[in-house]
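This report is meant for someone opening this structure for the first time. Please keep the sequence and the model side by side while reading.

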Amino acid sequence: MTQALNTQANTSKANLAGKTALVTGGSRGIGAAIARKLATDGAAVAITYSSSAQQAEQLVADIRSTGGKALAIRADAQDADAVKQAVAKTVAEFGGLDILVNNAGALVAGGIADISMEDYQRLIAVNVTGVFVASQEAQRHMKEGGRIINIGSVNSDYVPVPGLSLYALTKGAVASFTRGLARDLGARGITVNNVQPGPVDTEMNPANGAFADTMRSYMATGKYGTGTQIASLVAYLASEDAAFITGANLKADGGFDA
Ligand SMILES: NC(=O)c1ccc[n+]([C@@H]2O[C@H](COP(=O)([O-])OP(=O)(O)OC[C@H]3O[C@@H](n4cnc5c(N)ncnc54)[C@H](OP(=O)(O)O)[C@@H]3O)[C@@H](O)[C@H]2O)c1
């Protein structure tokens, strides 16, 4: 039994051995779970953050303490130069870039009449421009087998409550960008996919928050997801096994839009 478990662990570890990854917004929530999973599967992992320095450094320390390679970079997704530098720093530190996970994201909720231009521009900058710039920069360094994995949202296709129009707009852009970019990069053997979570228990959308029961009422499972569950799908898409999947918008949403 022990031997079986070891074999399984080794196979899993070997999955991304020798690969390098950059996870934007990796200090907390879903991004942190993704960074941990990619590191567990053998990748050297850089993460970006905008303000959670302590959590980012803790995550790096945790990965290093298990023999992994990790790096935290302060880079606000709204700042194109900072995003470009984060890609350059990852390449300089790890010697290349195989996997980009565009996870950094924010949520502004509110009815159309209440959304300020400032909020509009900030959300576009983080959720859309940040994804575009990181992808453009990362693909320059990617070889055959490269992976770009976006973290969109089920809300790009299904918005069952008011107050999410701006957020849905940004995540719809991510879904469309995924399709187009898959076409741009397919001939180079680089895949581009979009993971679209439903409600996942994080600071952005806590399972005990004011809207949680409403969210649960739309889900087939009636239960929030975890960052770890999203990370499993991301790790699969990052692996060699997923080479035939590209341009896909894949829901992991507990049946939110079933
Ligand atoms: N939770 C859900 O129910 C859910 C559902 C669907 C999709 N998503 C998407 O999943 C992704 C992660 O969400 P989450 O729930 O894990 O959110 P979260 O708990 O709020 O964590 C967000 C992460 O992104 C980073 N971040 C935020 N703004 C940033 C910026 N301007 N520049 C760089 N990093 C930034 C944060 O780091 P700092 O603290 O350092 O800023 C943090 O690491 C987002 O794209 C979100 O839209 C979430």
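This is a predicted model: local features need pLDDT of at least 70, side-chain atom pairs count only at pLDDT 80 or more; totals for chains, interfaces and linings use all residues.

## The model and its ligand

A backbone N or O atom of Gly 25 lies 3.1 Å from an oxygen atom of the ligand, and a polar backbone atom of Ile 30 is 2.8 Å from an oxygen atom of the ligand. At Ala 77, a polar backbone atom is 2.8 Å from a nitrogen atom of the ligand.

## Two side chains that reach Gly 25

The side chain of Thr 48, a residue of strand S2 (residues 44-49), reaches the backbone nitrogen of Gly 25 at 3.0 Å. The side chain of Asn 103, which lies in the loop between strand S4 (99-102) and H5, has a polar atom 2.8 Å from the backbone oxygen of Gly 25.

Thr 48 counts as buried because its relative accessibility is 5%, under the limit of 20%. Leaving aside neighbours within four places in sequence, the contacts of Thr 48 include Leu 22, Val 23, Thr 24, Gly 25, Gly 26 and Ser 27, as well as Ile 73, Ala 75 and Ala 86. Asn 103 has a relative accessibility of 11% and therefore counts as buried. With neighbours within four places again left aside, Asn 103 is in contact with Val 23, Thr 24, Gly 25, Ile 30, Gly 31, Ile 34 and Ile 151.

Ile 63 and Ala 238 are separated by 175 residues in sequence, while their C-alpha atoms are 18 Å apart in space.

Leu 237 has its place in helix H8 (residues 227-238), and its relative accessibility of 0% is the reason why Leu 237 counts as buried. Apart from neighbours within four places in sequence, Leu 237 is in contact with Arg 147, Ile 149, Asn 193 and Val 195, and also with Ala 242, Ile 245 and Leu 250. Between Leu 237 and Gly 180 there are 18 Å from C-alpha to C-alpha, and the two residues are 57 apart in sequence.

## How H4 and H5 pack

Helix H4 (residues 80-94) packs with helix H5 (residues 117-139) at an angle of about 35°, and the axes of the two helices are 9 Å apart. The crossing in which H4 passes H5 is right-handed.

On the H4 side the contact is formed by Ala 80, Val 83, Lys 84 and Val 87, which meet Gly 130, Val 133, Ala 134, Glu 137 and Ala 138 of H5. The residues of this contact divide into six nonpolar, one polar and two charged.

Conventions:
Residues are numbered from 1 along each chain as its sequence is written. Side-chain values use heavy atoms; hydrogens and water are left out. Axes are lines fitted to C-alpha atoms, for helices over the stretch in contact, and angles run from 0 to 180 degrees between N-to-C directions. Helices (H or I, at least four residues) and strands (E, at least two) are DSSP runs, numbered from the N terminus. A crossing is left-handed if the near helix is turned anticlockwise from the far one by less than a right angle, and right-handed if clockwise. Contact means heavy atoms within 4.5 Å. Ala, Val, Leu, Ile, Met, Phe, Trp, Tyr, Cys and Pro count as nonpolar, Asp, Glu, Lys and Arg as charged, and the others, Gly among them, as polar. Buried means under 20% relative accessible area, exposed over 50%, partly exposed in between (1.4 Å probe, protein chains only). A polar contact is a pair of N or O atoms within 3.5 Å; within protein, one must be able to donate a hydrogen and the other to accept it, and residues adjacent in sequence count only if both atoms are side-chain atoms.
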